[in-house]
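Please have a look at the sequence and the fold first.

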Amino acid sequence: MLPAGRSETAFDRVLGAVLGTSVAAVLFAMMALTCIDVFGRYVLNRPVPGGLEMIEILMGATVFLALPLVTQREEHVTVDILDAVTPDAVLRIQHVLACLLSAGVCGVLAWRLALRAARMYGYGDTTAVLKIKLYPLAYTMSAMMALAAVCLLLLALRPPVRRVRKG
């Protein structure tokens with residue numbers, strides 16, 4: 001759901017559907033794996049082999065798949081104590097500068113993650129127990145960070161949302 005007063009575009013709908021479904025599926029898998037592991041550990045005295053590794057991978061996927069959604073919906077933690085006294089023109093400039101700076105940071109992080117993923121691929125990095133290749137997760141993290149940067153650039157083109165009403 002987008003902030004009040006903001007209309008949803010086709011990009012917003014596709015992003016919400018694809019990433020929202022993906023995050024939900026990964027969260028469900030993490031929940032199911034945790035339940036099975038706890039049951040196996042405490043009832044059957046047989047935990048899921050490599051369960052912790054799988055949970056770690058799923059946690060990373062959850063965080064980075066949700067990042068573009070949180071960005072697009074402007075649901076990051078914000079400090080709005082001056083919104084009520086900030087003139088509209090200053091709020092607009094502040095919004096654009098914050099979006100552009102954040103997009104630049106996300107772009108650099110996406111680039112660094114892509115370099116790390118390429119190194120993981122080259123070295124054949126895997127998890128310790130299950131030998132799961134790590135580069136697909138790293139490439140996914142890079143792609144989601146780049147998508148968050150795109151979302152921030154698109155947000156810079158939209159008018160800012162005033163969190164606290166004037167008056």
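This is a predicted model: local features need pLDDT of at least 70, side-chain atom pairs count only at pLDDT 80 or more; totals for chains, interfaces and linings use all residues.

Residues are numbered from 1 along each chain as its sequence is written, and side-chain values use heavy atoms, with hydrogens and water left out.

**Helix packing**

Helices here are DSSP runs (H or I, at least four residues), numbered from the N terminus. Let us begin with H1, which covers residues 10–42, and H4, which covers residues 135–157. Their axes come within 13 Å and cross at roughly 155 degrees; an axis is a line fitted to C-alpha atoms over the stretch in contact, and angles run from 0 to 180 degrees between N-to-C directions. H1 and H4 are therefore roughly antiparallel, a label given to angles over 145 degrees. H1 passes H4 in a left-handed crossing, a term for a near helix turned anticlockwise from the far one by less than a right angle.

Which residues in H1 and H4 meet? From H1 come Phe 11, Leu 15 and Leu 19, and from H4 come Met 144, Leu 147, Cys 151 and Leu 154, with contact meaning heavy atoms within 4.5 Å. By class, this contact of H1 with H4 has seven nonpolar, no polar and no charged residues. In this scheme Ala, Val, Leu, Ile, Met, Phe, Trp, Tyr, Cys and Pro are nonpolar, Asp, Glu, Lys and Arg are charged, and the others, Gly among them, are polar.

H1 also packs with H2: the axes of H1 and H2 come within 9 Å and cross at roughly 160 degrees. That makes H1 roughly antiparallel to H2. By class, the contact of H1 with H2 has 17 nonpolar, seven polar and one charged residues.

**Buried and exposed residues**

| Residue | Relative accessible area | Class |
|---|---|---|
| Asp 37 | 12% | buried |
| Glu 74 | 15% | buried |
| Ala 117 | 0% | buried |
| Asn 45 | 66% | exposed |
| Lys 131 | 52% | exposed |

Asp 37 lies in helix H1. A polar atom of the Asp 37 side chain lies 2.8 Å from the backbone nitrogen of Val 48. Leaving aside residues up to four places away in sequence, Asp 37 touches Pro 47 and Val 48.

Ala 117 is found in helix H3. With the sequence neighbours up to four places away not counted, Ala 117 touches Tyr 135, Ala 138 and Tyr 139. The C-alpha atoms of Ala 117 and Leu 15 are 102 residues apart along the chain and separated by 24 Å.

Asn 45 is found in the loop between H1 and H2. The C-alpha atoms of Asn 45 and Pro 159 are separated by 57 Å.

**Two positive phi values**

Most residues other than glycine have a negative phi. Glu 74, in the loop between helix H2 (51–72) and helix H3 (88–123), has a positive phi near 55 degrees. Lys 131, in the loop between H3 and H4, has a positive phi near 60 degrees.

Key
Angles under 35 degrees count as roughly parallel, over 145 as roughly antiparallel, 65 to 115 as roughly perpendicular and the rest as oblique. Buried means under 20% relative accessible area, exposed over 50%, partly exposed in between (1.4 Å probe, protein chains only). A polar contact is a pair of N or O atoms within 3.5 Å; within protein, one must be able to donate a hydrogen and the other to accept it, and residues adjacent in sequence count only if both atoms are side-chain atoms.
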